[in-house]
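I opened my notebook to look up a few residues, one by one. Here is what I wrote down.

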Amino acid sequence: ESGTAMTGPGNTARTASRAEIALALFGEPKRFTAFIGALLLLTLQFQTLPVDINVQLLPLTTALALLFLPFIVRDIPRSPILTVIGLFTGYAVLHSTLALGVDLMANPGDIRFYAWFRQLIALLAGVVTYLVLRSGLLAVEDRDVIRFMILGAIPSLLLAGLNIIWGTLGLGWAGEIVTSVRSVISPEGYTSPMRATGFATEPAALATSLVTAMFPIFLFELGTRRPSMGMFFILILSLLAFSWTFSLTGVLLLLGVLISGVFLGPSRKLLAIMVASFIVLSIAGIMLIPGNQIMRHLSVLGAGGENISFTDRYYSAFGPFISIFTSWSSLGYGLGGIATHFTDVIPPDVAREIIWAKQEGLPSLTSIFGRVFAETGIIGWMLFLSMFVVAFRSVAALLKAEPSPEKRRLYACFRIGLVAVVFSLFFSIGPYHTPYLWLWIALIDSRYIIHLRNTRHGTLPDAVPRDPDLSA
C-alpha cells in the first residue's frame, strides 16, 4: 500500500494520490481519462443542474469539469489553441481587475464587485471545461466520440418527443412526464406543450444545441454510411424536436450553417439539397401550424412593431460597436462591467425595455460576441476571436495531413461544428462557461495534439491526394 504519510501529535494517516485513486478504479490512467471524456460528452444536453440558482446557471458538463480538474492538471499538453486561450484569459483577468479598481474608486458598491466576481468565475469555469474536455478527448477514439454524443442526446430527444405528443394530441400523461422531468432537470426553465425544450433551459437553447453539437455528427453519419434503423429514428426525432422548438434563432442558425457547408464541405451536394429542402419545409411547416412562435415574431415585425427578443439580441451583439464613439467599450469595462455600464453601450430607452422584459437585477448582454468587446475592449475581443482563427487553422492542417478519407470527412464535420459555434456567438451563446462554446475547440485541439505526437514519432502515414469535396 502506498501513499503520502501525514504525521501529527498522536495520529498517523495515509492519503492516496489522485493517480492512485484513478488506478484503483480503472486499472490504468488512460481509462480514467477516457471515462472523463465520455462522461462530459454524455452530459452535454444537461444545460443546468437541478439546483435553484438565481443568477447563474451551471451546466452539468461544466460542473463535472470542475470536479475532475485535479485529475488532469498535472498533464496539460501545450498547443497553439491553448496559448491563445491563455493569452485571452490572462488579459481578461488583468484588464478586468484594473477596470474594477477604477469603477470602485469612482462609485463604490457591492453590485460592481459581485458582477465582476460572477463573470470571472464563469470565464475560469469555461476555460476549465475546455481543458478537462480536451484531456478526456485525447483518450477517446473518434468513433466513440460520435457514439457518446448521440447516446447523450437521446434522453433529451425522447423528452422533446413527449413534448410534441403533449402539444399535438393533448395527452395529459405525456404532459405530466415532461413537466415532472423538467421540474428536476431544469427547474427554472421554460416548459410549454407548444414548444419543445428537451433538457435545455428554453426552446432556442435546444435548437442551438442540436445545430452546434448534433448536426455535424449527423452530417458525418449521413455522408459516411447508410444509417441504421436506430440512427434513422434518432435523425427523424431530432428533426421533429428542432421543428417543435419554433425558434427563429435556430432556423437562422441552421440556415447559416447549411449555406456555409455548401462552400466548406463535406458532402457539398448533400448540403445543397439540405438547404433547398430546409427552406421549403420551413415555409410549409410555418404556414401549416398557424399561431406558432415564428409566425408571431414575423407578424410583429411585418406590422412595423418591435420585438423585444430581437431587440435584445441585436443590441447585445452590436450595441457595443454602435456606441464605440460615445462610450469606453473600445477599451472595455472589465468582466461584469456591463452590470453598471449597461446604458453606456445600449441606448437608454432600449436598455430600459430590455431590463423590464427580462426582470433581471443585473443587466447583461446575451451575446458573447458583443459582451467580450464591451468587457475586454478591442484587444481582448481580437484575442477571443483568435481562438477560433487558430482552431480553423488547426483543422485545416488536419485535413491536409490526414490520409484517411473517413477521418478527413470527420474533421470537415468538426469544422462545420466550429462554424456553427461562430454563428451562435452573435445571438445564441452568452455565458463564458457554456460547454458548446468550447466543445469543438477542445475536440479539434485534441486531434491536433495527437497529430503532432504522431508526426514527432514518425507514425503519420504518407499523405494522399486531397478530396475536393473536403477541401476549403
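I began with Thr249. Is Thr249 buried or exposed? Its relative accessible area is 9%. Buried means under 20%, so Thr249 counts as buried. I noted that this is a predicted model.

Next I asked where Thr249 sits. I found Thr249 in helix α10. Then I looked up its contacts, leaving out residues up to four places away in sequence. Thr249 touches Arg313, Phe427 and Ser428.

I moved to Phe246. Phe246 lies in the loop between α9 (229-244) and α10 (248-264). Phe246 has 7% relative accessibility, so Phe246 counts as buried. What is the phi of Phe246? I read a value near 45°. That phi is positive, and Phe246 is not a glycine. I made a note of the background: most residues other than glycine have a negative phi.

Then I turned to helix α5, which covers residues 110-137. Ile111 is in helix α5. Which residues does Ile111 touch, not counting residues up to four places away in sequence? I found Thr340 and Leu362. Ile111 and Thr340 are 229 residues apart along the chain. Their C-alpha atoms are separated by 7.9 Å.

Last, I looked up Ile121, also found in helix α5. Ile121 has 41% relative accessibility, so Ile121 counts as partly exposed. The class lies between under 20% for buried and over 50% for exposed. Ile121 forms a nonpolar patch on the surface with Phe113 and Phe117. Together they have about 280 Å² of accessible area.

Conventions
Residues numbered from 1 in each chain as written. Predicted model: local features only at pLDDT ≥ 70, side-chain atom pairs only at ≥ 80, totals over all residues. Heavy atoms only, no water. Patch = residues over 30% accessible without salt bridge, like charges linked within 9 Å, V, L, I, M, F, W, Y side chains within 5 Å. Areas by Shrake-Rupley, 256 points an atom, 1.4 Å probe, with all protein chains shown as cover. Salt bridge = Lys/Arg side-chain N within 4 Å of Asp/Glu carboxyl O. Helix = DSSP H or I, 4+ residues; strand = E, 2+ residues; numbered from the N terminus. Buried < 20%, exposed > 50% of the residue type's maximum accessible area, 1.4 Å probe, protein only. Contact = heavy atoms within 4.5 Å.
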